[in-house]
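Hello,

Here is the structure we talked about. Please have a look, then read my notes below.

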Amino acid sequence: MTLVAATLALAACGPGPTGGGGGEAASRQQIRIVGSSTVYPFSRAVAERFAQANPGFAAPIVESTGTGGGMNLFCGGVGAQYPDVSNASRRIKASEIELCNRNGVNQVIELPVGIDGLALIESATRSTGFQLTERDVYAALAANPFGRAQTARTWRDVNPALPAVAIRVYGPPPTSGTRDSFAELILDRGCNSDPAMQALKESDEDRHKHVCTQIREDGAYIEAGENDNLLVQRVSENEGAVGVLGYSFLEENASRVRGIPIGGVTPTAETISNFTYPGARKLYIYVKGEHLNVIPGLREFLRAWAQGWAPGGYLSQHGLIPLPDAERQAAEATVQNPTPITAANLQ
């Protein structure tokens, strides 16, 4: 398909829910990628490699919008005004696939690209580091820990073994997949350390989710936006502050911040790759199948990902931890033969 034909084909995909597909949007010749701030540096690296290896294609546009924000944009419809790829620091939700389907996006292709850790960090200059558990973190940050009013002001209020340091945690906003992972991997587990909360999950799942994952809004938790480098700066300059972000940013800033052990396990490449660290998680990209044969270079962009995610590949230099062999091979097979998923695949 020629570039002109591709552009016309994309315009002919039809109007989305917010209007037609004409004008400047219909003439887009670049791959457009949105989504997770955690996946952003890896996606940028792939985009740079793709541009170097494929000078006949325009360099991709990569935007850091947060996982949730990226999914909303990605699922907005089919056509040149909608993104081709959405980066995600958690798996897509069934509700998001349903949103895509309602807007005519019926070919959502899922590619796990590697492993990252949701790391808790502190300033590297702090003399005595934190040693936390999931329960400590939950009790410190929940709006209503274990269904009771939040009264903790210092970490010692949460656990007598912790220092009398004010609770001040910089973390991601609700639109971030890292926030979703934080709720699932740390807060929910800390909440369920109480048998009464486990029983609540059986009797009232919605109430359980509210009690276990709603974060306090009295200033102890500070939303740091989608700029993880700014979060690192704030934590490094404030002894006693704690940050929540992807492990790759910790690794890049090891001279300024250090990882906080959770349950005695420090976030490292090894503990994340073998999932002994509680915050280990997979990272994903989602590709719009309707755009694969229309947007110039989109298939080649996926191949650039596959060339970089192997052990020792160029993405390892950016902090991405490779998937186990079998999962990586399955992802490579998807690159060669893209197969859409449905909400049923998430069960």
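Cys191 is buried, because its relative accessibility is 0% and the cut-off for buried is under 20%. Cys212 also has a relative accessibility of 0%, so Cys212 is buried by that cut-off. Keep in mind that this is a predicted model.

Cys191 and Cys212 form a disulfide, with an S to S distance of 2.0 Å. The pair links distant parts of the chain: Cys191 sits in helix 7 (residues 177-191) and Cys212 in helix 9 (residues 205-213), 21 residues apart. The link is left-handed, with -50° about the S-S bond.

The count of disulfides is two. Cys75 is joined to Cys100, S to S 2.0 Å. This link is left-handed, at -65° about the S-S bond. Cys75 lies in the loop between helix 3 (67-74) and strand 3 (85-88), and Cys100 in helix 4 (residues 94-102), so the bond ties together parts that are 25 residues apart in sequence. Cys75 and Cys100 are both buried. With the bonded cysteines numbered in sequence order, the pairing reads 1-2, 3-4.

Now the backbone. Phe146 is not a glycine, yet its phi is positive, about 55°. Phe146 is in the loop between helix 5 (134-141) and helix 6 (155-158). Its relative accessible area is 9%, so Phe146 is buried.

Phe275 has a positive phi too, near 60°. Phe275 falls in the loop between helix 12 (269-273) and strand 9 (280-288). Is Phe275 buried or partly exposed? Phe275 counts as partly exposed, at 40% relative accessibility.

Best wishes

Technical notes
Residues are numbered from 1 along each chain as its sequence is written. This is a predicted model: local features need pLDDT of at least 70, side-chain atom pairs count only at pLDDT 80 or more; totals for chains, interfaces and linings use all residues. Side-chain values use heavy atoms; hydrogens and water are left out. Helices (H or I, at least four residues) and strands (E, at least two) are DSSP runs, numbered from the N terminus. Buried means under 20% relative accessible area, exposed over 50%, partly exposed in between (1.4 Å probe, protein chains only). A disulfide is a pair of cysteine sulfur atoms within 2.5 Å.
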